[in-house]
Amino acid sequence: MPGTHRTPVSPLPRPGIRAQDFTDPFTRRLLLNEGSTTELLERRGRCRLGLRVVEQTLAPLHLRDGRLLDMLGVTPQTPCLVRRTELVSPDGTAVSRNLVIGLLPRSDEVTQVVTHHSVALGRSVNLRGIPQRRTLLSAGLTTWQGTGRTVPAVSRGYLLHLDDEAPLYVAETFNPAVAPPWRRGTGPAAPVSAVRALPAVVTTSLGRAS
């Protein structure tokens, strides 16, 4: 998986916001979901979502938060999978933007799942029946680049345990038109009904699963 690594300097969303603090029921459900994010988003949108791979490479992680390195069992010099993807609707709108980082799995089957170029991670795991569990680490607000502007967006980060492999860290950021970022005691941060995604900018050669 060759390519120029874009360092994920701070993948954790801003802490201190509980899922229960968001007013939208679907936003709360999404943040607390322990199953496939893809399937939940598809039920919400009543459509099948596609996968757009933006970046996929092996490179050391240079993180500002050393706790995440410890959770993943790696050092700053360890080559790790860095994968950025988008789940997109049939018209090409990005519904979520996702980052997966961690050790490349030892199992060829699990490696194919986490590096697949056309099937979303959650869907592929379920199709293959790979044992999985998620450990939610954080939920909060980050930003979403929309039509020429940046607006608040809901994000969450969790550890994904697949079979007996080392955990992967997954960060998911959701289009505010799908998961409104409104919180109790605050008004809408922006008119999100018109927020749409910009096309992904590919900054590296994309690795294909073997």
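**Whole chain**

Five helices and six strands make up the secondary structure of this predicted model. Helices are DSSP runs of H or I with at least four residues, strands are runs of E with at least two, and numbering starts at the N terminus. Along the sequence the pattern reads α-α-β-α-β-β-α-α-β-β-β.

Residue numbers start from 1 along each chain as its sequence is written. The model is predicted, with local features needing pLDDT of at least 70 and side-chain atom pairs counting only at pLDDT 80 or more, while totals for chains, interfaces and linings use all residues; side-chain values use heavy atoms, leaving out hydrogens and water.

Color the chain by burial. Of its 210 residues, 51% are buried. Buried means under 20% relative accessible area, exposed means over 50%, and partly exposed lies in between (1.4 Å probe, protein chains only). Show the surface: the chain exposes about 10000 Å², and carbon and sulfur atoms supply 51% of that. These areas come from the Shrake-Rupley method with a 1.4 Å probe; for residues, only the protein chains shown count as cover.

Now turn to contacts, meaning heavy atoms within 4.5 Å. Take those between residues at least 6 apart in sequence: 66% join residues at least 24 apart.

**Stop 1: helix α2**

Select residues 37-45, helix α2. The buried residues here are Thr-37, Thr-38, Leu-40, Leu-41 and Glu-42. Show what covers them: the cover includes α1 (25-32), β2 (79-88), β3 (94-102), α5, β5 (150-162) and β6 (168-174).

Go to the start of α2. A side-chain oxygen of Ser-36 reaches to within 3.4 Å of the backbone nitrogen of Thr-38. A polar contact is a pair of N or O atoms within 3.5 Å; within protein, one must be able to donate a hydrogen and the other to accept it, and residues adjacent in sequence count only if both atoms are side-chain atoms. Then select Arg-46, which follows α2 and has a positive phi, near 55 degrees.

**Stop 2: salt bridges**

Side chains of opposite charge can pair when their charged atoms come close. The structure holds nine salt bridges. Each is a side-chain nitrogen of Lys or Arg within 4 Å of a carboxyl oxygen of Asp or Glu.

Select Glu-42 and Arg-123. They form a salt bridge, with the closest N and O atoms 2.6 Å apart. Glu-42 sits in helix α2 and Arg-123 in helix α5, so the pair ties together parts 81 residues apart in sequence. Glu-42 counts as buried at 13% relative accessibility. Arg-123 is buried too, with a relative accessible area of 9%.

Next, select Arg-52 and Glu-86. Their side chains meet in a salt bridge, 2.5 Å from N to O. Arg-52 is in strand β1 (residues 50-60) and Glu-86 in strand β2, so this pair ties together parts 34 residues apart in sequence. Arg-52 is partly exposed at 24% relative accessibility, whereas Glu-86 is buried at 5%.

Arg-84 lies in β2 and Glu-55 in β1, so the pair ties together parts 29 residues apart in sequence. Both Arg-84 and Glu-55 are buried.

**Stop 3**

Select Ser-89, in the loop between β2 and β3. Ser-89 counts as buried at 15% relative accessibility. Its side chain makes a polar contact with the side chain of Asp-91, at 2.4 Å. Leaving aside neighbours within four places in sequence, Ser-89 is in contact with Leu-49 and Val-95.

**Stop 4: helices α4 and α5**

Select residues 108-115 for α4 and 121-128 for α5. Start at the N-terminal end of α4. Ser-107 caps it, with a side-chain oxygen 3.2 Å from the backbone nitrogen of Glu-109.

The buried residues of α4 are Val-110, Thr-111, Val-113, Val-114 and Thr-115. Their cover includes β1, β2, α5, β5 and β6.

Finish with the helix pair. The axes of α4 and α5 come within 8 Å and cross at roughly 150 degrees. Axes are lines fitted to C-alpha atoms, for helices over the stretch in contact, and angles run from 0 to 180 degrees between N-to-C directions. Show the side chains: Glu-109, Gln-112, Val-113 and Val-114 in α4 meet Leu-121, Ser-124, Val-125 and Arg-128 in α5. The residues of this contact divide into four nonpolar, two polar and two charged. Ala, Val, Leu, Ile, Met, Phe, Trp, Tyr, Cys and Pro count as nonpolar; Asp, Glu, Lys and Arg count as charged; the others, Gly among them, count as polar.
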